[in-house]
Amino acid sequence: QVQLVESGGGLVQAGGSLRLSCAASGSIHDIMNMAWYRQGPGKERESVATIARSGTTRYADFVKGRFTISRDNAKNTVYLQMNILKPEDTAVYYCNADIFAVTNIGFGNYWGQGTQVTVSS
């Protein structure tokens, strides 16, 4: 059974920083893309940042220059360093990954349970 478990959310003042972590566990053969999404109050879930196995990254325009995605392939973990946080960054942040589990035939797409980030003004 493959699981993604996020941590690092919390309450922070505007201008502050938080670092989110997401660890994949279970019988994993390979992990391709890893990503962070978010869903704000009353909003659709949206992509924040993506990182390929090679380290190539992509960011949503609204976080460029403020957020940094990284990964540790040895630990099957993806991180999101969030700086200069704004009240509009308030959301539940979800980890997402394309994982080839040992018991699967191919890659499957997995989601974490989400971690709340609240930015006060």
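Which backbone nitrogen lies 3.3 Å from a polar atom of the side chain of Thr 115? The backbone nitrogen belongs to Gly 9, and the pair falls within the cut-off for a polar contact, namely N or O atoms within 3.5 Å, where within protein one must be able to donate a hydrogen and the other to accept it, and where residues adjacent in sequence count only if both atoms are side-chain atoms. This is a predicted model, in which local features need pLDDT of at least 70 and side-chain atom pairs count only at pLDDT 80 or more, whereas totals for chains, interfaces and linings use all residues. Residues are numbered from 1 along each chain as its sequence is written, and side-chain values use heavy atoms, with hydrogens and water left out.

- Thr 115 lies in strand S11 (residues 115-120), strands being DSSP runs of E with at least two residues, numbered from the N terminus.
- Thr 115 is buried, with a relative accessible area of 11%, where buried means under 20%, exposed over 50% and partly exposed in between, using a 1.4 Å probe and protein chains only.
- Leaving aside residues up to four places away in sequence, Thr 115 touches Glu 6, Gly 9, Leu 20, Ala 91, Val 92 and Tyr 93, contact meaning heavy atoms within 4.5 Å.

**Strands S9 and S10**

- Strand S9 (residues 91-101) runs antiparallel to S10 and is joined to it by four bridges, two strands being paired if DSSP finds at least two bridges between them.
- A hairpin of six residues connects S9 to S10, and Asn 96 has Trp 111 in S10 as its bridge partner.

- The whole structure holds three aromatic pairs, counted when ring centres of Phe, Tyr or Trp (its six-membered ring) lie within 6.5 Å, with planes under 30 degrees apart called stacked, over 60 edge-to-face and the rest tilted.
- One of these is the edge-to-face pair of Tyr 94 and Trp 111, at 6.5 Å centre to centre with 85 degrees between the planes, which links Tyr 94 in strand S9 to Trp 111 in strand S10, 17 residues apart.
- Tyr 94 is buried at 14% relative accessible area, whereas Trp 111 is partly exposed at 37%.
- Tyr 37, Tyr 94 and Trp 111 form one aromatic cluster.
- The charged end of Arg 45 sits over the ring of Tyr 94, 3.7 Å from its centre, and also over the ring of Trp 111, 4.6 Å from its centre, the criterion being NZ of Lys or CZ of Arg within 6 Å of the ring centre and within 35 degrees of the ring normal.
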